[in-house]
Amino acid sequence: MVRTVIWFCYFWLYLFFVQPVYAKVCRLAKNGEQQAHDELTGRMVGRWARRLLSLAGAKVTVEGLEKLPEGPAVYVCNHLSYFDIPVILGYLGQNPKPILAKKQLASLPFIRGWMEQLHCVFIERENMRASVAALNEAAAWVAKGYSMVVFPEGTRSKTGKIAEFKAGAYKIAQKNKVPVVPLCLVGTDHIMQPGSLRIHPGKVHLSVLDPICTEGFTKEEWRALAANTQALVEQEQQRILATQQTV
């Protein structure tokens, strides 16, 4: 319980004390200094995310960073826990990637502002029109050269088993003809278990799988892509779990 209290105190106090930096980030954006803006935002958010994982007692292993494409891409990842986002922000390459996130996160103090500076997009999945608008906004950021991270299951798994990957994420890639990069997360659900806010130390594994080049894809290939990437992530999940059992 002490770990949980310390973690939540740090979570909010960090965001409060870096408000002067947040103001600078906003000024950079207003002045059109986009590169400096993105570098500072990425550095601050990445540091915060890694410290959150360290305070939680999470030992993070990352595989496949050398596979990250140089240009924009759509990253699709299984969803286990609230801790998935800090892992992505802290460990997926040098600069955090924007995330297609559920709209409820926009109501959290301080969180919305930093997520907007990261170019995250909030989606209301129960509202079809709003969902389409959010996907179009995400596609527009990709067109500007940013990558986008999507959890295509739409919600966190309560059992650890991967649910159906929905097609929306792939529409973002299809509009921009950018690679789709499957990601696999294991262990974040043990750090914060479903239905609980209590934090437990544990091992977390993030794998970056081979990018899928979508250039020249047929309609049939686009339709099959969600199921195909889900199968790849499921296979990687089983590989990681089997490896952990033998250690």
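A residue is called buried when its relative accessible area is under 20%, exposed when over 50%, and partly exposed in between, as computed with a 1.4 Å probe and with protein chains only as cover. The structure described here is a predicted model, in which local features need a pLDDT of at least 70 and side-chain atom pairs count only at pLDDT 80 or more, while totals for chains, interfaces and linings use all residues. Residues are numbered from 1 along each chain as its sequence is written, and side-chain values use heavy atoms, with hydrogens and water left out.

The protein chain contains nine helices and seven strands; helices (H or I, at least four residues) and strands (E, at least two) are DSSP runs numbered from the N terminus. The C-alpha atoms of the chain fill a box of roughly 50 × 50 × 35 Å along the principal axes. The radius of gyration, taken over C-alpha atoms, is compared with a globule rule of 2.2 Å times the number of residues to the power 0.38. For 247 residues a compact globule would have a radius near 18 Å, and the chain agrees with this, having 18 Å. Of the 247 residues, 47% are buried.

Six salt bridges were counted in the model, a salt bridge being a side-chain nitrogen of Lys or Arg within 4 Å of a carboxyl oxygen of Asp or Glu. One of them joins Glu 63 to Arg 239, with the closest N and O atoms 2.7 Å apart. Because Glu 63 belongs to strand S1 (residues 58–63) and Arg 239 to helix H9 (residues 219–246), this pair ties together parts that are 176 residues apart in sequence. Both partners are partly exposed: Glu 63 has a relative accessibility of 31%, and Arg 239 has a relative accessible area of 37%. Arg 239 also forms a salt bridge with Glu 236, at 2.7 Å from N to O. These two residues both lie in helix H9, three residues apart, which is about one turn of the helix. Glu 236 counts as buried, since its relative accessibility is 11%.

Glu 124 is partly exposed at 28% relative accessibility, and Lys 103 is partly exposed at 45%.

Accessible areas come from the Shrake-Rupley method with a 1.4 Å probe, and for residues only the protein chains shown count as cover. The place of a charge is taken as NZ of Lys, CZ of Arg, CG of Asp or CD of Glu.

A positive patch is formed by Lys 24, Arg 27, Arg 43, Arg 47, Arg 50 and Arg 51. Helix H2 (19–30) and helix H3 (34–55) are the elements that give two or more residues to this patch. The largest share, four residues, comes from H3. Arg 51 lies in helix H3 and is partly exposed, with a relative accessible area of 40%.

A nonpolar surface patch consists of Trp 12, Leu 13, Phe 16, Phe 17, Leu 108 and Phe 110, which together have about 580 Å² of accessible area. Leu 108 is placed in the loop between strand S3 (100–102) and helix H5 (111–117), and Phe 110 lies in the loop between S3 and H5. Leu 108 is partly exposed, with a relative accessible area of 32%; for Phe 110, also partly exposed, the value is 32%.

The backbone of Phe 110 has a phi near 70 degrees, a positive value in a residue other than glycine. His 119 likewise has a positive phi, near 70 degrees. His 119 is located in the loop between H5 and S4 and is buried, with a relative accessible area of 6%.

Notes. Patches are made of residues with over 30% relative accessible area and no salt bridge: like charges are joined within 9 Å, nonpolar side chains (Val, Leu, Ile, Met, Phe, Trp, Tyr) within 5 Å. Lys and Arg count as positive and Asp and Glu as negative; His and the chain ends are not counted.
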